[in-house]
Amino acid sequence: MEYRIEQLARTAGVAVDTIRFYQGKGLLEAPRREGRVTWYGEPHVERLKRIKELQQQGFTLTVIQRFLAGELEASDEALVAAVTRPAAPQTLTLGELAERSGVAEPLLRSLQQAGLLAPIEGGDEPLYPADDLEAVDRTARQAVDLFDHYVRERIQAEGGETEAAERKLLQTFNDLLEASGTLVRHHFERTLLRAAREHIEKR
């Protein structure tokens, strides 16, 4: 069966302009021409349905084009979906992040400069995923607890030899490194996902 463009649009449930747009982007093959009349076939209907299906999964046109070209297999859909469309995070301003975490803004700015906090791109004011709040809060509390417990209380109370105190300080340092690793891992996970998305969309 063949369709004029208006018939194809009704059959596939898309606008005529959308069909023309997809053709311009190379997502849809050119129709058969008969003089000044263009005819579309069942493969065009199936292709439009496939595009709509992929769009409903949240894929960008760049990723959809790679699926249609065979550069990405159908079996890749779940993996690509997990990488390219993570759930939109709740966001906080730096001030809100500071207020809710109890960590001063200058310290948060230092964490950002160190690459441990990364704002979401876009917008006039930098916004941070609310997930960062948990990471900042957990790490800050661990650091404070470790310092209070291992450094201030124990070392002051024990009043032991210098060598013993040095060992305790070294242990505390290692514990603090482990706690701060929470933020590092969190940042790396976000960076890894961003790099994976860029790789998938790379042409």
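The following dialogue explains how terms are applied to this predicted model.

Trainee: Which conventions apply to this model?

Mentor: In this predicted model, local features need pLDDT of at least 70 and side-chain atom pairs count only at pLDDT 80 or more, while totals for chains, interfaces and linings use all residues. Residues are numbered from 1 along each chain as its sequence is written, and side-chain values use heavy atoms, with hydrogens and water left out.

Trainee: How many helices and strands does the protein chain have?

Mentor: The protein chain has nine helices and four strands. Helices are DSSP runs (H or I) of at least four residues, strands (E) of at least two, numbered from the N terminus. Along the sequence the pattern is α-α-β-β-α-α-α-β-α-α-β-α-α.

Trainee: Why is tyrosine 22 called buried?

Mentor: Buried means under 20% relative accessible area, exposed means over 50%, and partly exposed lies in between (1.4 Å probe, protein chains only). Tyrosine 22 has 6% relative accessibility, so it counts as buried. Of the 203 residues of the protein chain, 32% count as buried.

Trainee: Why is phenylalanine 21 called partly exposed?

Mentor: The relative accessible area of phenylalanine 21 is 39%, and therefore this residue is partly exposed.

Trainee: What makes phenylalanine 21 and tyrosine 22 a tilted aromatic pair?

Mentor: Rings of Phe, Tyr and Trp (its six-membered ring) pair if their centres lie within 6.5 Å; planes under 30 degrees apart count as stacked, over 60 as edge-to-face and the rest as tilted. Here the centres are 6.1 Å apart and the planes stand at 50 degrees, a tilted pair.

Trainee: How do you know that phenylalanine 59 and phenylalanine 67 are also a tilted pair?

Mentor: Their ring centres lie 5.3 Å apart, with 45 degrees between the planes. Phenylalanine 59 counts as buried because its relative accessibility is 5%, and phenylalanine 67 is buried, with a relative accessible area of 8%.

Trainee: What makes arginine 50 a charge over the ring of phenylalanine 67?

Mentor: A charge sits over a ring if NZ of Lys or CZ of Arg is within 6 Å of the ring centre and within 35 degrees of the ring normal. Arginine 50 lies over the face of phenylalanine 67, at 6.0 Å from the ring centre. Arginine 4 lies over the face of tryptophan 39, at 5.9 Å from the ring centre.

Trainee: Where is glycine 95, and why is it called partly exposed?

Mentor: Glycine 95 is in helix α6, residues 94–101. Its relative accessible area is 29%, so glycine 95 is partly exposed.
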